[in-house]
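Me: Please take a close look at the aromatic rings in this model and at what surrounds them. Then set that part in the context of the rest of the chain.

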Amino acid sequence: MQYKSEQIEDRKPVDTKVLLERAARYCAGAEHCAADVAQLLERLGATGVQIDEVIGILKEQKYIDEQRYCRAFVHDKVAFQGWGRMKIVMGLRAKRLPEAAIQEALEDIDEKIYASNMRKAIQSKRGQDRQKVMRFMLQRGYTFDDLRRYANMDAEEE
């Protein structure tokens, strides 16, 4: 039985043109960052030089745009998964994206949706003690400042 590392070594070298076509198709289907594409190319057996070359070409052709990826990531995580700012930042940093692009994308968060997500998450934990709710909210990526701001909004609404 061969292990994965041995299987990769046994593969024939892959042509850069083929890698570029596969990566372009991958990027055309959905928004991806350079780290995602590098991971795909690595699985396909590309060398480090090929990975750099393909990613460079994809950036030139606008298949990969880090700012666009950050905005899409932030929007999707807030709108569909209810993540807080800290969890989003950690997710983007894990993909080695520039800090300036991350901060710019965070500024685009719709505060009404963000507050609504917090409200729903807190209401889903009604009846539990305050510490459990706080831990849950921190795991979702909300900060103490977010929670304080939300608590103040609730007090003003009543």
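Reply: Three aromatic pairs are counted under the following rule: rings of Phe, Tyr and Trp (its six-membered ring) pair if their centres lie within 6.5 Å, and planes under 30 degrees apart count as stacked, over 60 as edge-to-face and the rest as tilted. One of these pairs is formed by Phe73 and Trp83, which are edge-to-face at 6.2 Å centre to centre with 75° between the planes. Phe73 belongs to helix α5 (residues 66–79) and Trp83 to the loop between α5 and α6 (85–94), so the pair ties together parts that are ten residues apart in sequence. Helices (H or I, at least four residues) and strands (E, at least two) are DSSP runs, numbered from the N terminus.

The model is predicted: local features need pLDDT of at least 70, side-chain atom pairs count only at pLDDT 80 or more, and totals for chains, interfaces and linings use all residues. Residues are numbered from 1 along each chain as its sequence is written, and side-chain values use heavy atoms, with hydrogens and water left out.

Phe73 has a relative accessible area of 11% and is therefore buried; Trp83, at 18%, also counts as buried. The classes are buried (under 20% relative accessible area), exposed (over 50%) and partly exposed (in between), with a 1.4 Å probe and protein chains only. Ring pairs join Phe73 and Trp83 with Tyr69 in a cluster. Over the face of Trp83 lies Lys77, at 4.6 Å from the ring centre. A charge sits over a ring if NZ of Lys or CZ of Arg is within 6 Å of the ring centre and within 35 degrees of the ring normal.

Tyr69 is touched by Asp36, a residue of α3. Asp36 also touches Tyr26 and Lys95, with residues up to four places away in sequence not counted. Contact means heavy atoms within 4.5 Å. At 11% relative accessibility, Asp36 counts as buried.

Helix α3 (34–43) is in turn among the elements that cover the buried residues of α2, together with α4 (48–60). In α2, the buried residues are Thr16, Leu19, Ala23, Ala24 and Cys27. Seen down the axis, they fall within an arc of 130°, so they line one face of the helix; the arc is that of the directions from the helix axis to the C-beta atoms. Lys17, Arg25, Ala28 and Gly29 are exposed on the other side of α2. The 14 residues of α2 (residues 16–29) should span 20 Å at 1.5 Å a residue, and the end C-alpha atoms are 20 Å apart, which agrees. The expected span is 1.5 Å times one less than the number of residues.

Pro98 lies in the loop between α6 and α7 and is partly exposed, with a relative accessible area of 33%. Pro98 and Cys70 are 28 residues apart in sequence, yet their C-alpha atoms are 9.5 Å apart in space.

A charge also sits over another ring: Arg85 lies over the face of Tyr114, at 4.2 Å from the ring centre. The side chain of Arg85 is joined to that of Asp146 by a polar contact of 3.4 Å. A polar contact is a pair of N or O atoms within 3.5 Å; within protein, one must be able to donate a hydrogen and the other to accept it, and residues adjacent in sequence count only if both atoms are side-chain atoms. Asp146 lies in helix α10 (residues 144–157) and, at 4% relative accessibility, counts as buried. Leaving out residues up to four places away in sequence, Asp146 touches Arg85, Tyr114 and Met118.

As for the whole chain, it has ten helices and zero strands. Of its 158 residues, 36% count as buried.
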